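Trainee: Could you take me through how aromatic pairs, salt bridges and nonpolar cores are read from a model?

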Amino acid sequence: MAEVVASVSDCSEFLLGGRPPQIPGIIEGGVIKDQNRYKPICQTFNNTRRFLTVYDTTNKIPVFSAYKFKKIESKKRPKIPWMIEPQLSGDTDKNMKNYKPTKDDKQAIDDDYKNNSQCCDRGHLYPVSYGPEVDDKKSTFTLTNAVPQAKKFNSGRWRAVLKS
């Protein structure tokens with residue numbers, strides 16, 4: 001599950017001191033300036049909140065993802081397809097799902113990363129390897145937690161850093 005909420009403060013358990021960051025023009029004084037463009041998402045998987053994402057629906061990219069770093073109990077990388085946030089596509093379902101949105105939707109789609117001339121991968125903002133438990137790792141496979149990352153870097157040096 002993932003839930004688009006009214007305020008970043010609705011997911012304050014992932015914020016330092018429970019306070020939203022100051023991002024000029026986006027979040028000021030704890031308030032999202034353009035509520036139609038920027039959407040706070042409490043990323044929830046198997047009925048447990050895992051992390052927070054603020055998502056830019058105009059540029060179809062996350063502004064940031066916030067999470068609490070915990071001791072990593074599982075090192076195994078899950079094999080799971082990338083999911084989307086159905087509420088950003090007009091669906092009332094709160095469950096992340098394998099859904100093929102159209103180019104008209106307000107979020108990136110898998111084809112944005114697969115069929116591009118920039119040679120980009122989906123780069124996790126909340127890295128899969130930082131998830132302490134298997135379900136935490138699975139919850140990171142949502143396109144609302146992905147940014148374009150150079151393929152050579154993602155599968156090379158970055159992967160080596162995360163494994164160490």
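The dialogue below takes these features in turn.

Mentor: Before we start, note that this is a predicted model, in which local features need pLDDT of at least 70 and side-chain atom pairs count only at pLDDT 80 or more, while totals for chains, interfaces and linings use all residues. Residues are numbered from 1 along each chain as its sequence is written, and side-chain values use heavy atoms, with hydrogens and water left out.

Trainee: How many aromatic pairs does a search of the whole structure find?

Mentor: Rings of Phe, Tyr and Trp (its six-membered ring) pair if their centres lie within 6.5 Å, and planes under 30 degrees apart count as stacked, over 60 as edge-to-face and the rest as tilted. The search finds 5 such pairs. One of them is Phe51 with Tyr126, edge-to-face at 5.0 Å centre to centre and 75 degrees between the planes. Phe51 belongs to strand E5 (residues 48-56), whereas Tyr126 sits in the loop between strand E7 (120-124) and helix H2 (134-139), 75 residues apart; helices (H or I, at least four residues) and strands (E, at least two) are DSSP runs numbered from the N terminus.

Trainee: Which pair involving Tyr126 is stacked?

Mentor: Tyr67 and Tyr126 stack, with 4.1 Å centre to centre and 15 degrees between the planes. Tyr67 lies in the loop between strand E6 (61-66) and helix H1 (110-114), so the pair ties together parts that are 59 residues apart in sequence. Phe51, Tyr67, Phe69, Tyr126 and Tyr130 form one aromatic cluster.

Trainee: Which residues does Arg50 join into one salt-bridge network?

Mentor: A salt bridge requires a side-chain nitrogen of Lys or Arg within 4 Å of a carboxyl oxygen of Asp or Glu. Arg50 meets Asp136 at 3.0 Å, N to O, and because Asp136 lies in helix H2 and Arg50 in strand E5, this bridge ties together parts 86 residues apart in sequence. Arg50 also bridges to Asp135, with the closest N and O atoms 3.9 Å apart, and these shared partners join Arg50, Asp135 and Asp136 into one network.

Trainee: Where are the most contacts inside the largest nonpolar core?

Mentor: In soluble globular proteins, nonpolar side chains tend to be buried together. A nonpolar core is a set of buried Ala, Val, Leu, Ile, Met, Phe, Trp, Tyr and Cys residues joined through side-chain atoms within 4.5 Å, where buried means under 20% relative accessible area, exposed over 50% and partly exposed in between (1.4 Å probe, protein chains only). The largest core here has 14 residues, and those with the most contacts inside it are Val8, Ile27, Leu52 and Phe64.
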